[in-house]
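Student: I am new to this structure and would like to go through it step by step. Could you guide me, beginning with a term that I will need?

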Amino acid sequence: MAKIENGRQSADTRSIRTISSSHIDDESSLGSDSEINGFTSDRQTDKYGFIGGAQQYSEESAQDVPPEVLRQREVKWLDMLSHWDKWMIKRFNKELDSQPGDPKWVDVIEKDLHRQFPFHEMFVSRGGHGQQDLFRVLKAYTLYRPEEGYCQAQAPIAAVLLMHMPAEDAFWGLVQICEKYLPGYYSPGLEAIQLDGEILFALLRRVSPLAFRHLEKHKIDPILYMTEWFMCAFSRTLPWASVLRVWDMFLCDGVKIIFRVGLVLLKCMLGTREKLKACQGQYETMELLRAVEPRYMQEGFLVREILEVPVTARDVERVHHSQLKRWKKNRGELNFKPPPRMHGAQLIMLAEPPRRQDLQQNPTIVLEASQPASQLKKGKEEKKSMKKKSMKKSQPVEEIPNPYPLPNDPPPSDPPAPPPDSTSSTQEPEPQTETDSPHQQKEPPTDLPPAKESALKRSTQSLSSTEQDTYL
């Protein structure tokens, strides 16, 4: 088996570096200006930016989401982003972008640029702005973590981030994924991804015993089928609509989503006896897992199945502890010890120390400034004078007779005369209504003027009017 320049591939482990070589050869012109420009003149760009390839949007690969659902998702994300604190608290000086970088890693990165989503308009041209930003992000990471260097699986992760944010934000997003979400995945030896393969296999025993026994019978190691899934976060496997939904859940809830997606695909492809009849050996099983049926990767079906998988972050950590003990017993200590894994954005932000600006804006103890005694006495006198003025202006509330009394109700009494006022001489007396006579109270009057609109009626109308502005 061919050696890899960074020495990450062992004799019994097939690195992610060799996976894409089966699809795109180094000497291939796929992604070149001349070839791709021929496609752009004949084909239209889909809503995700793809002009061709297996991940281009089509009616077979994705379902039409109703506009109401899209609006709900938009409102939800707008609300989340308005309260979203930045992950990176410290702002480092931009020195990583200006440095030339290690020639060893620079050469490898340049060879991989044209392989990252060659049918996406952002990366379609050699030397275009997409490939330039991708090179900057990957080179900066090799300078930021020189002990890790560059791994080929980091390229699609950085490319997906660049589709949605500027290069600097994409770099810090890549740092978060490599250090908090998937620590040790891209380190020399790939020990972390092998350990997570054993965790996936142990969880499969509970989720789909039939698929577990089949893989165990044919001695198919998890590293053979889950390496690209996990290291690329399914960005090379699923249709793009499903990739975006999986990444949303992955960034919010952590690596348990990646495990759930892998368990769903294994259960759907190997979880029934009818499926196993078509794969009687190791080769047939691997071919089946390399070509997952599109219906199982469709957005609506996949998300529902992911939510139903009974695997939590605590389950992942529990199995991780047991598999780590087994690893140390059979293989010894890990050569590279990654930092602890953080399960989701909330835990990552809680683990970060508060910024000085946050402490200034949200103090824990608020002390009122002390005022001189003269100002306090003056304030009390002003309050007393305001209270007396309000008492003078207040008048008794006039009782309004019920225009529709019951037969047994007593006749309404005359309202008390208002106190004399200087303005009363200029006001005209109110006319006496016909309901003042007790003999006319047996039947409700028919020629009364319409009553004024009540506050309850106005509030009902305002409620009905707001119901028309849904999600605004």
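Tutor: Let us begin with the expected span of a helix, which is 1.5 Å times one less than its number of residues. Please also keep in mind that this is a predicted model.

Student: How far does helix H11 reach from its first C-alpha to its last?

Tutor: Helix H11, residues 256-270, has 15 residues and reaches 21 Å from its first C-alpha to its last. That is close to the 21 Å expected.

Student: And how many residues of H11 are buried?

Tutor: In H11, 14 of the 15 residues are buried, so this helix is largely enclosed by the rest of the structure. Here buried means under 20% relative accessible area.

Student: Stepping back, how many helices and strands are in the protein chain?

Tutor: The secondary structure of the protein chain comes to 20 helices and 0 strands. Of the 472 residues in the chain, 39% are buried. Among contacts between residues at least 6 apart in sequence, 75% join residues at least 24 apart.

Student: Now to packing. At what angle do H5 and H6 pack?

Tutor: Helix H5 (residues 154-162) and helix H6 (residues 167-181) pack at an angle of about 135°, and their axes are 9 Å apart. That angle makes H5 oblique to H6. The crossing in which H5 passes H6 is right-handed.

Student: Which residues meet there?

Tutor: From H5, the residues are Gln 154, Ile 157, Ala 158, Leu 161 and Leu 162; they meet Ala 167, Ala 170, Gly 173, Leu 174, Ile 177 and Cys 178 in H6. The residues of this contact of H5 with H6 divide into 9 nonpolar, 2 polar and no charged.

Student: At roughly what angle do H9 and H13 cross?

Tutor: The axes of helix H9 (residues 223-231) and helix H13 (residues 282-290) cross at roughly 15° and come within 10 Å. Angles under 35 degrees count as roughly parallel, and the crossing angle makes H9 roughly parallel to H13. H9 passes H13 in a right-handed crossing.

Student: Which residues make that contact?

Tutor: H9 contributes Leu 224, Tyr 225 and Trp 229, while H13 contributes Gln 282, Met 286 and Leu 289. The residues of the contact of H9 with H13 comprise 5 nonpolar, 1 polar and no charged.

Student: Let us turn to the loops. What is the phi of Leu 190?

Tutor: Leu 190 has a positive phi of about 55°, although this residue is not a glycine. Most residues other than glycine have a negative phi. Leu 190 lies in the loop between H6 and H7, and is buried, with a relative accessible area of 1%.

Student: And where does Ala 233 lie?

Tutor: Ala 233 lies in the loop between H9 and helix H10 (240-253). Ala 233 is not a glycine, yet has a positive phi of about 55°. Ala 233 is buried, with a relative accessible area of 1%.

Definitions and conventions: Residues are numbered from 1 along each chain as its sequence is written. This is a predicted model: local features need pLDDT of at least 70, side-chain atom pairs count only at pLDDT 80 or more; totals for chains, interfaces and linings use all residues. Side-chain values use heavy atoms; hydrogens and water are left out. Axes are lines fitted to C-alpha atoms, for helices over the stretch in contact, and angles run from 0 to 180 degrees between N-to-C directions. Helices (H or I, at least four residues) and strands (E, at least two) are DSSP runs, numbered from the N terminus. Angles under 35 degrees count as roughly parallel, over 145 as roughly antiparallel, 65 to 115 as roughly perpendicular and the rest as oblique. A crossing is left-handed if the near helix is turned anticlockwise from the far one by less than a right angle, and right-handed if clockwise. Contact means heavy atoms within 4.5 Å. Ala, Val, Leu, Ile, Met, Phe, Trp, Tyr, Cys and Pro count as nonpolar, Asp, Glu, Lys and Arg as charged, and the others, Gly among them, as polar. Buried means under 20% relative accessible area, exposed over 50%, partly exposed in between (1.4 Å probe, protein chains only).
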